[in-house]
Amino acid sequence: MSIGMTEKPRKAIATKPFVPELIYFEPEALHYPMGIRIRDWALREGIPHKMTTSHNRITNLPGETETEQYKIAKRTLVVGLRKTLKFDTSKPSAEYAIPLATGCMGHCHYCYLQTTLGAKPYVRVYVNIDDILGAAKNYIDERSPEITRFEAACTSDPLGLEHITGSLAETIAFMAKQPLGRLRFVSKFHHVDSLLGIAHGGHTRVRFSVNADYVIRSFEPATSRFAERIEAAGKIARAGYPLGFIIAPIIWFDGWENGYAELLKRLAAELPPEAGRDLTFELIQHRFTKTAKTIIQKRYPKTKLEMDEAKRKKKWGRWGQNKYVYPDEQADALRMFITERIFEAFPNAKIEYFT
Ligand code: SF4
């Protein structure tokens with residue numbers, strides 16, 4: 001991690017690309033080039049692998065306790081076919097979620113995948129990329145002459161898996177050829193080198209999830225460090241991709257003003273001038289449901305994440321459950337303060353939404 005004003009000097013150790021401890025293959029996956037590539041990689045790396053009848057039915061994962069099993073599941077890769085080619089909607093960032101993978105090896109305490117993935121926290125990747133891109137093409141045609149945007153990071157962090165799958169590279173190249181198709185994804189990882197030479201046609205917006213240093217250090221284990229993400233953002237900007245940042249979850253903590261001011265200062269200081277040309281920000285305040293709170297407290301019992309319903313405003317959620325956001329006064333203060341810092345640092349940036 002680079003040395004910010006709020007950080008003590010620390011030895012920088014590069015975050016290594018994810019290597020699973022165990023891989024499951026659906027037999028059919030080995031009929032696809034991506035499946036064969038992953039199997040060959042597993043053999044080269046000496047990663048134990050097994051066959052499974054369905055990527056949705058992985059049972060008997062090792063581990064004595066539920067928490068241990070959860071940790072092992074997060075380091076287990078399942079290679080299968082995407083059967084459902086009906087895409088979910090993905091408001092407000094895009095029209096549809098394009099399913100390249102499900103699950104993530106990161107351990108962000110607040111991650112909503114903990115509730116949405118329920119008992120299946122292992123990482124699933126889909127080898128039938130041509131079917132997935134074919135379905136995307138149909139969605140694009142249906143909405144013509146409107147532009148259709150696809151979000152690739154709704155159920156995973158696909159950049160963190162790109163060295164294994166190559167799916168993002170294929171999707172970026174596909175979208176470059178679609179006059180009415182756009183791709184976007186967000187990541188907390190920094191392994192972008194394989195994407196830099198792709199003819200992307202400006203049709204893919206790469207966003208990095210960033211936060212105040214306190215939030216990254218306290219709640220985002222097993223992801224790339226802030227300095228690595230910024231360096232990757234610089235490379236992406238120099239490769240001509242439209243760039244964006246998602247500041248999420250925005251958290252009210254002691255010293256939040258300094259924390260978020262420092263974040264924007266560091267972004268402005270460390271990004272190359274090209275980055276400011278076509279730059280977007282998306283702002284998402286922290287929220288939780290009662291179900292999420294129970295799961296988080298079980299899986300990360302020492303978390304400092306504040307989840308006190310009495311301090312929050314209740315809001316009816318899209319999935320039929322109440323969620324708890326900050327009361328209006330706090331949400332407005334966060335939104336206004338961060339918006340001002342963004343425009344000070346990047347006068348031409350666009351803030352897409354605050355939610
Ligand atoms: Fe969840 Fe993103 Fe963290 Fe992965 S990197 S655990 S998807 S918040």
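Two strands count as paired if DSSP finds at least two bridges between them, where strands (E, at least two residues) and helices (H or I, at least four) are DSSP runs numbered from the N terminus. This is a predicted model, in which local features need pLDDT of at least 70, side-chain atom pairs count only at pLDDT 80 or more, and totals for chains, interfaces and linings use all residues. Residues are numbered from 1 along each chain as its sequence is written.

**View A. An open sheet of 8 strands with mixed pairing.** The strand order is β4-β5-β8-β9-β10-β11-β12-β15. β4 (89-90) and β15 (350-354) stand at the edges with a single partner strand each, so one side of each has no neighbour in the sheet.

**View B. Parallel strands β5 and β8.** Here 2 bridges join β5 (residues 94-97) to β8 (residues 148-151). Y96 has F150 in β8 as its bridge partner.

**View C. The shell around the ligand.** Take a look at C104, G106, C108, C111, L113, D157, K188 and T223, which surround the ligand (C-beta atom, placed from the backbone, within 6 Å of it). By class, 4 are nonpolar (Ala, Val, Leu, Ile, Met, Phe, Trp, Tyr, Cys or Pro), 2 charged (Asp, Glu, Lys or Arg) and 2 polar (the others, Gly among them).

**View D. The surroundings of V123.** Beyond its neighbours within four places in sequence, V123 is in contact with T76, L77, V78, A101, G103, C104, M105 and L161 (contact: C-beta atoms, placed from the backbone, within 7 Å).

Note on methods. Two residues are in contact if their C-beta atoms, placed from the backbone, lie within 7 Å.
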